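Please consult the sequence and structure shown below.

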Amino acid sequence: MPQRFALMIDPVDASDTRGDYSGTFTEVDVASPVLSVGEFSTQRGDGVFESIGVIDGHANEVEAHLQRLAHSARLCDLPAPNLAQWRQAVSAAAGLIPEGEAVVKLILSRGVEHGPAPTAWVTASPAADFSAVRRDGVRVVTLDRGYDLGAGERAPWLLLGAKTLSYAVNMAALREARRRGADDAVFVTRDGYVLEAPTASLILRRGDEFVTPAPSGGILHGTTQLSVYEHLESCGFRTGYATVTASDLANADAAWLVSSIRLAVAVTAVDGEPLPSDPAFTADLNAYLLSPR
Ligand code: PLP
């Protein structure tokens with residue numbers, strides 16, 4: 001049985017500077033009930049989370065994930081997380097799985113109606129084996145997201161840029177993709193712009209330039225996309241953010257879905273039409289993403 005771990009966190013104020021937060025963590029038995037039945041995270045998906053990739057006990061891109069956790073909390077009017085406390089919790093959780101690929105998940109929930117609130121915990125568990133999909137890529141279908149590119153700015157209460165626990169729509173999109181004979185999906189706005197996949201960012205290649213949909217369009221700013229861009233720039237490639245149309249995707253020289261745990265997977269077909277891919281380039285990207293970052 002793969003080992004799983006959970007640490008409950010007693011969240012301290014963002015202004016707390018005590019330095020050592022180990023006294024605020026309690027390791028819990030993942031097989032035992034821990035959360036109250038009144039938890040808003042389970043009743044309403046009302047909370048935010050992060051999934052951090054861990055390789056041989058090293059958690060990757062921790063600062064980018066913590067910054068996004070704080071950003072999501074701000075958008076959801078949750079108390080600001082104390083990042084030093086979360087940093088220490090991530091390091092403690094990552095150290096529990098010192099070998100192989102693992103996932104450390106950070107959850108900050110609205111909590112329980114009459115307290116305690118907020119509720120916070122981290123889990124650590126071994127990651128699934130993604131070696132085949134990293135090698136073979138994914139066929140995607142484009143799926144209507146049901147709103148236009150301006151929705152995120154026009155209607156901030158939709159929380160489009162926050163990584164909330166409400167992933168039922170994202171999971172439904174993946175099931176729909178499979179019903180349509182594909183492996184994954186890319187969301188498209190009503191006005192024809194591609195956004196992101198249900199659990200990954202999209203990067204396109206056009207010649208020596210790489211482009212990704214701008215996060216102002218109401219999507220998550222991917223930590224893996226940021227990291228891939230740093231790598232590509234150090235290799236001399238140009239990178240940028242843009243509004244990307246569905247036909248830009250269909251006509252790209254290559255495209256990838258990138259995310260913290262599965263890492264980079266090539267898009268090999270869009271809506272049944274093949275897309276060129278470069279397996280050696282993808283393997284290089286994954287070699288970089290598997291290195292300590
Ligand atoms: N977009 C969505 C909707 C996601 O769920 C994720 C990751 O889970 C991403 C993008 C990629 O983010 P990251 O690279 O930080 O894992």
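## Ligand shell

The ligand is surrounded by 14 residues, of which the closest are Leu220, Gly222, Thr223, Thr224 and Ser260; a residue counts as near if its C-beta atom, placed from the backbone, lies within 6 Å of the molecule. By class, the shell comprises four nonpolar, nine polar and one charged residues. Here Ala, Val, Leu, Ile, Met, Phe, Trp, Tyr, Cys and Pro are nonpolar, Asp, Glu, Lys and Arg are charged, and the others, Gly among them, are polar.

Both α7 (223–234) and β12 (254–259) supply at least two residues each to this shell. The most comes from α7, with three residues.

## Basis of the model

The model is predicted: local features need pLDDT of at least 70 and side-chain atom pairs count only at pLDDT 80 or more, whereas totals for chains, interfaces and linings use all residues. Residues are numbered from 1 along each chain as its sequence is written.

## Overall fold

The chain has nine helices and 14 strands, defined as DSSP runs (helices H or I, at least four residues; strands E, at least two) numbered from the N terminus. Its C-alpha atoms fill a box of roughly 55 × 40 × 35 Å along the principal axes.

Buried residues account for 40% of the 293 residues, a residue being buried if 20 or more other C-beta atoms, placed from the backbone, lie within 10 Å of its own.

## Helix α6

Gly181, which follows α6, has a positive phi, near 85°.

Methods:
A residue is buried if 20 or more other C-beta atoms lie within 10 Å of its own, exposed if 12 or fewer, and partly exposed in between; C-beta atoms are placed from the backbone.
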